[in-house]
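Visitor: I have a structure on my screen and would like to learn how to read it. Could you walk me through a few features?

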Amino acid sequence: MFHNIIWDMGGTMVDTYPHVDATLQAVVLDSGQEVSLLEVARLTRHSTNLAITELSRRFGIPEAEFRAREQELKDSWKITPPPAMAHVRDVLAAVPGINVVVTHRDRASARTLLEGLGLQVTDMVCPEDGFPRKPDPAMFTHMLSKHHLDPARTLAIGDRPIDITTAHKVGVAGALLETPGIELEADADYRITDLAEVLPLLGS
């Protein structure tokens with residue numbers, strides 16, 4: 001049974017993918033070319049940066065166009081944030097210990113989303129705090145040390161293989177939140193499609 005959770009944020013706590021996928025698809029469609037949402041989704045589930053780089057290469061569209069649209073989307077979230085992931089509040093409330101966030105998102109954007117959705121966590125760390133990005137385990141190590149978390153009683157939840165890889169480097173089990181229909185290669189301890197599936201794993 002797990003006592004604490006280390007959360008990824010976008011795509012795990014906050015349902016950002018539908019908005020990101022549609023935004024990147026729109027850049028391609030606006031150029032007069034075609035790409036399906038599923039094709040975009042298969043890329044973004046690895047990383048948004050990978051998706052932008054690959055779509056730019058494939059369709060001959062400057063990366064700057066994708067990044068400008070992505071920034072417009074993030075700016076819009078300051079007014080209307082995307083929805084919280086289903087059952088995230090139930091899991092946050094059920095955790096016997098603490099909930100912490102390890103994210104690649106910049107702190108201002110992350111705080112805007114958490115506050116806008118009323119999601120309460122104990123702590124959050126991101127690369128601008130001086131840590132390298134995942135899969136380097138430094139952010140995980142920092143959280144484990146700062147809050148005296150037992151790795152054996154801590155579960156990491158993320159939506160990308162990189163989240164699982166990073167968790168395993170510090171001896172933490174990983175639950176991969178998958179999008180139905182998109183299979184990801186990851187050595188996950190748990191594969192889930194709904195955060196409610198985490199509830200039976202929690203306990204003191």
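Guide: Gladly! Let us begin with how elements are labelled: helices and strands are DSSP runs, numbered from the N terminus. Please keep in mind that this is a predicted model. With that labelling, Ala94 belongs to helix α5.

Visitor: Which residues does Ala94 touch, leaving aside those up to four places away in sequence?

Guide: Ala94 touches Leu199 and Leu202. The C-alpha atoms of Ala94 and Leu202 are separated by 7.3 Å, although the two residues are 108 apart along the chain.

Visitor: Now the backbone. What should I look for there?

Guide: Most residues other than glycine have a negative phi, and most peptide bonds are trans. His87 is not a glycine, yet its phi is positive, about 70 degrees. His87 sits in the loop between α4 (63-76) and α5 (88-94), and its relative accessibility of 35% makes it partly exposed. His148 also has a positive phi, near 55 degrees. Its place is the loop between α7 and β4 (154-158), and with a relative accessible area of 71% His148 is exposed.

Visitor: And which residues does a cis peptide bond join?

Guide: Lys134 and Pro135, with omega about 20 degrees. You will find Pro135 in the loop between β3 (123-125) and α7 (138-146).

Visitor: Let us zoom out. Which domains does the chain have?

Guide: The domain assignment gives domain 1 as 2-13 + 81-199 and domain 2 as 15-75. The contact between them takes 15 residues from domain 1 and 14 residues from domain 2. Taken over C-alpha atoms, the domain centres are 24 Å apart.

Visitor: How should I think about the size of an interface?

Guide: The size of an interface is often given as the accessible area lost when the parts come together. Here, about 1,200 Å² is buried between domain 1 and domain 2, and carbon and sulfur atoms give 55% of that area. On the side of domain 1 that touches domain 2, there are eight nonpolar, three polar and four charged residues.

Technical notes. Residues numbered from 1 in each chain as written. Predicted model: local features only at pLDDT ≥ 70, side-chain atom pairs only at ≥ 80, totals over all residues. Heavy atoms only, no water. Domains from an automatic or database assignment. Contact = heavy atoms within 4.5 Å. Buried area = accessible area lost by both parts, 1.4 Å probe. Nonpolar A, V, L, I, M, F, W, Y, C, P; charged D, E, K, R; others polar. Helix = DSSP H or I, 4+ residues; strand = E, 2+ residues; numbered from the N terminus. Buried < 20%, exposed > 50% of the residue type's maximum accessible area, 1.4 Å probe, protein only.
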